Amino acid sequence: MAGKVGTRGCKKIRGAQIRDLLDSKHNVLFDCDGVIWNGETVVAGAPEVVTLLKQQGKRVFFVTNNCTRPRENYVQKFSRLGFTDVVEEEIFSSAYCSAAYLRDVAKVQGKVFVIGCHGVQKELQDAGVPIVEDVSDGPDVSIYNFPLEPDVKAVLVGYDERFTFMKLAKACCYLKNSDCLFLATDPDPWHPLRGGRITPGSGSLTAALETASSRKATVIGKPSRFMFECIASQFDLDPARSLMIGDRLETDILFGANCGLDTMLTLTGVSTMEEAQQYRDSDASEKKDFVPDYVVETIGDFLQALED
Amino acid sequence: MAASNAKCTRLTGSLVKQLLDSVDSVLFDCDGVIWRGDQAIPGAPDVINLLKKNGKRVFFVTNNSTKTRKMYADKLATLGFNASEEEVFGTAYCSAMYLKSVAKIQGKVYLVGSNAMKQEIENVGIQTTGVGPDPISGVQIDWANVSLDPEVKAVVVGFDQHFSYMKLNRALQYLCNPSCLFVGTNTDTRLPLEGEKAVPGTGCLVKAVETAAQRPAQVVGKPSNFMFDCVAKQFGLDPARALMVGDRLDTDIMLGTNCGLKTLLTLTGVSTVADAEDHLKSGCPNRAGMVPDYYIDTIAELLPALQG
């Protein structure tokens, strides 16, 4: 139930406790990386868990900050990793939600300058949001002298492996106009890859642009509420009957707290039990929202609860 | 001499000679103080040349990392300033001094920066790697597995128009080793340029790397004391008999205050008297250091006292 008091949280649960929790929830929101898969390796039991939840009449959604692929590619990845019944409509990536925000909330009239990989650009195109074409600059163009498109009403920054100084300079110019929106897909400073490796995330590129423009980006991805509002605008969700499951305290768990959801940390990803306990034991009141209500070793533990 | 409660006074009349007589050394910022772009501020060369004729020592202290001392000496000469290489302290040179004499690194530097930085660092006998374009190739997991030079002991970030995701990534991979040093030349958010142009500054690049690596850079440039220490060590300066002249409250004036110099704000650059008065009125201890002792419209106003 939402509305918790005291030093609650970090309750490690299994078996019947998981069953009781799931019985009280109609909607289950899963983060992806570190929860249902790690890179190209599925978390054991995850596909079966999703199927069983659906068989029991629950609704399942996937809420990911990872904007490196469009939703249709995510469907392929789900299928590749053994999930047999996940459809596009259940997948909410920060790229998809950024496009939805621009089109439905900001209702942007004009073009969007995108610093983002193919996954980001495709979602905007699919949503019918006009973007500035990513063309190579001519020989006369330099960081001190470059053409600007007229009618740019928003700048969106996300993960971009083709990020350059020139893109930063152009975006900074567009953002001098206070009517130009400034959005970021997600705040993640780095992304985890296989074998404990990491690569720079959207958050690091956003930080560069915030510094250059002296403006703060509106961040679409977790822990901001918007992705939940995006789901809720399409499906009728009661926060009190919804559970958020993630592996990153600073994004997934905080997101759940911000949206009034019960939260569960799974230990197959980034954050550890010790980190969760440190937040729980901290004196700072703002840290309380990083504390998960429940903790499981892996969502594979749901199988025992669901199969009874 | 400024009384501790008489701050932000217009330097005029007899105060000019009084101030100049009370100091033996004058440190000038460059951009917005003695020149703008490639044009000298009218009267500035005469000011510097007369100060020297009057027996004062003159130094140039700039956060710009794109020129070597030799390049600065050439620019100064071209614009009519009577100055030598040894009197110039840019962040390319000072970063090299920092690496050599403070950090004392034994090994190489992964450098995100200009050829000027490469030259200054290699001049003190430290090898660098990484300067120039560095485009992306391969897929995500390749970037985490990019080959690292085992001799690299520090990552140094300065102004780099070739900044790219791949450079950010390489810097991050090196910085994943906690014993790898992290140095930034300066945190200025914009390059000082004429007119409406606002090119992102080194501060944006440093911020991107700090965010990805989740740790702060050791910053060499103003307002860090190191720039002054560099000058003082080589020339035996007494701060109480030195004057810092600059156009930015948050770098030049802050440095002056922190190092115990007298400070003079000139209005031919970034900061305004209103900015200074805001800091003064705020009563905030963190902002007190940004209030100059004196201000002047242009350093040319020092001429009458020097010529008299």
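1. Contact, as the word is used in this note, means that heavy atoms lie within 4.5 Å. In this predicted model, where local features need pLDDT of at least 70, side-chain atom pairs count only at pLDDT 80 or more and totals for chains, interfaces and linings use all residues, side-chain values rest on heavy atoms, with hydrogens and water left out. Residues are numbered from 1 along each chain as its sequence is written, while chains are lettered from A and ligands numbered from 1 in the order in which they are written.

2. The contact between the chains takes 34 residues from chain B and 30 residues from chain A. The buried area (the accessible area, with a 1.4 Å probe, that two parts lose on being put together, summed over both) is about 2900 Å² between chain B and chain A, and carbon and sulfur atoms give 67% of it. Of the area that chain B buries against chain A, Q140(B), Y165(B) and P200(B) supply 21%, more than any other three residues.

3. Between chain B and chain A there are zero salt bridges, a salt bridge being a side-chain nitrogen of Lys or Arg within 4 Å of a carboxyl oxygen of Asp or Glu. On the side of chain B that touches chain A, helix 6 (140-144), helix 7 (165-175) and helix 8 (202-213) of chain B each supply at least two residues, and the largest share, seven residues, comes from helix 8 of chain B. Helices (H or I, at least four residues) and strands (E, at least two) are DSSP runs, numbered from the N terminus.

4. Within chain A, strand 13 (residues 242-246) is largely enclosed by the rest of the structure, because five of its five residues are buried; buried means under 20% relative accessible area, exposed over 50% and partly exposed in between, with a 1.4 Å probe and protein chains only. S242(A), M244(A) and G246(A) cover one side of the strand, and L243(A) and I245(A) the other.

5. Strand 13 of chain A pairs in the parallel sense with strand 2 (residues 27-30) of chain A over four bridges, where two strands pair if DSSP finds at least two bridges between them. F30(A) stands opposite I245(A) of strand 13. Four bridges also join strand 13 to strand 14 (residues 262-266) of chain A, and these two strands run parallel.

6. S98(A), which lies in helix 4 (residues 94-105) of chain A, is buried, with a relative accessible area of 0%. Residues up to four places away in sequence aside, S98(A) touches L156(A), L183(A), T185(A) and I220(A).
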